[in-house]
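Colleague: I'm new to reading structures. Could you walk me through this one?

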Amino acid sequence: MEHFADRTAVITGGASGIGLATAERVGREGMNLVIADIEERVLETEVARLQADGFRAIGVVTDTADYDSVKALAARVADEFGDVHFLFNNAGVGGGGPMLEPDDMDIWNWTLGVNLYGVVHGIKAFGGAMVAHGQDCHIVNTASMAGLLPTPGLGVYTASKYAVVAISETLALETADTNLGVSVLCPGFVRTGIAESDRNLPEHMAATLEEPTAEEEMLRAMVRDLVSGGIPPAEVADAVLDAVRQNRFYILPHPQYGTQVAARGVRIASGDAPLGWDI
Ligand SMILES: NC(=O)c1ccc[n+]([C@@H]2O[C@H](COP(=O)([O-])OP(=O)(O)OC[C@H]3O[C@@H](n4cnc5c(N)ncnc54)[C@H](O)[C@@H]3O)[C@@H](O)[C@H]2O)c1
């Protein structure tokens, strides 16, 4: 995609972290910004700040796990700005637990709802119209390095992100001859609010939340440390914009993990057991 000025970007999970940094980045290219997020108060604050900084931005409270909510977002964007040129399906939550845990289906449903179905809903609610308007446009879906390498203790998160890589690859192949570019973003650790994803738990889950076990607390502390030692979200935003400009598919803002990804392919082809992501 070459033209950004006066075109329209829709960014889910745009009130914080990678989404917010990318909104600012493409806003500096002159794009209209539609920030969609479930966290209403933070969304209002960030959109007001963006507007005060001179960006053309609106906020739309959206639950990406709910298809009706994403369809309502698409209708609102069409009313406000018309065609969409950049869709960033980025909203996500970090959840986890061991695969053998028998009673964590709420965590599975919530995480797959936001991380996987959120991306599916975005593609289905916006993608057809983006191809139909015929102008240069691009979809970026946020996966993770955990979408390319096995990550023990984070089974559901890993499953959701592998699936985002899979549907992004499929979409790219299906739309290769169109005006729509597609990329998948696979970062390692980035300094954002992801370790505090529980702030967005659905009400029925928040109400019955139990104290974490010692093992869960250890895993959370480790993730918090890794996230706070991660790269700044602005670096990821730069990588996203570069990939959209150059129509590159895989976006790996942490190139140091590339050899592990390549080694996984070799192990698959030779039938060897998986190795976990060496962080
Ligand atoms: N931070 C990292 O280390 C890292 C690494 C790899 C991938 N990611 C991915 O990056 C994406 C962005 O996360 P982040 O790291 O910026 O975290 P973040 O918590 O700072 O931002 C996530 C945003 O998504 C919003 N959100 C959560 N549930 C939502 C829902 N149902 N509907 C709409 N919005 C919702 C949150 O309110 C928040 O604003 C996620 O998909 C995450 O999985 C993050």
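Predicted model: local features only at pLDDT ≥ 70, side-chain atom pairs only at ≥ 80, totals over all residues.

Colleague: Which residues come nearest to the ligand?

Modeller: There are 29 residues around the ligand, and Ser16, Asp37, Tyr157, Val190 and Thr192 come nearest. Sorted by kind, the shell has 11 nonpolar, 13 polar and five charged residues.

Colleague: Which polar side-chain atom lies 2.6 Å from an oxygen atom of the ligand?

Modeller: For a polar contact, you look for N or O atoms within 3.5 Å of each other. Here, a polar side-chain atom of Tyr157 is 2.6 Å from a ligand oxygen atom. Asn200 also has a polar side-chain atom, 3.0 Å from an oxygen atom of the ligand, while Gly193 uses a backbone N or O atom, again at 3.0 Å. On its own the ligand has 830 Å² of accessible area, and the protein covers 98% of that.

Colleague: Back to α1: how many of its residues are buried?

Modeller: Buried means under 20% relative accessible area. In α1, 10 of the 12 residues are buried, so the helix is largely enclosed by the rest of the structure. Among them are Ile18, Leu20, Arg25 and Val26.

Colleague: What do the buried residues of α1 pack against?

Modeller: Their partners include β1 (8-12), β2 (32-37), α2 (40-52) and α8 (233-246).

Colleague: And what span should α1 have?

Modeller: At 1.5 Å a residue, its 12 residues should span 16 Å, and the end C-alpha atoms are 17 Å apart, which agrees. After α1 comes Gly30, with a positive phi near 95 degrees.

Note on methods
Residues numbered from 1 in each chain as written. Heavy atoms only, no water. Near = heavy atom within 4 Å. Polar contact = N/O pair within 3.5 Å; in protein donor to acceptor, adjacent residues only side chain to side chain. Areas by Shrake-Rupley, 256 points an atom, 1.4 Å probe, with all protein chains shown as cover. Nonpolar A, V, L, I, M, F, W, Y, C, P; charged D, E, K, R; others polar. Helix = DSSP H or I, 4+ residues; strand = E, 2+ residues; numbered from the N terminus. Expected span 1.5 Å × (residues − 1). Buried < 20%, exposed > 50% of the residue type's maximum accessible area, 1.4 Å probe, protein only. Contact = heavy atoms within 4.5 Å.
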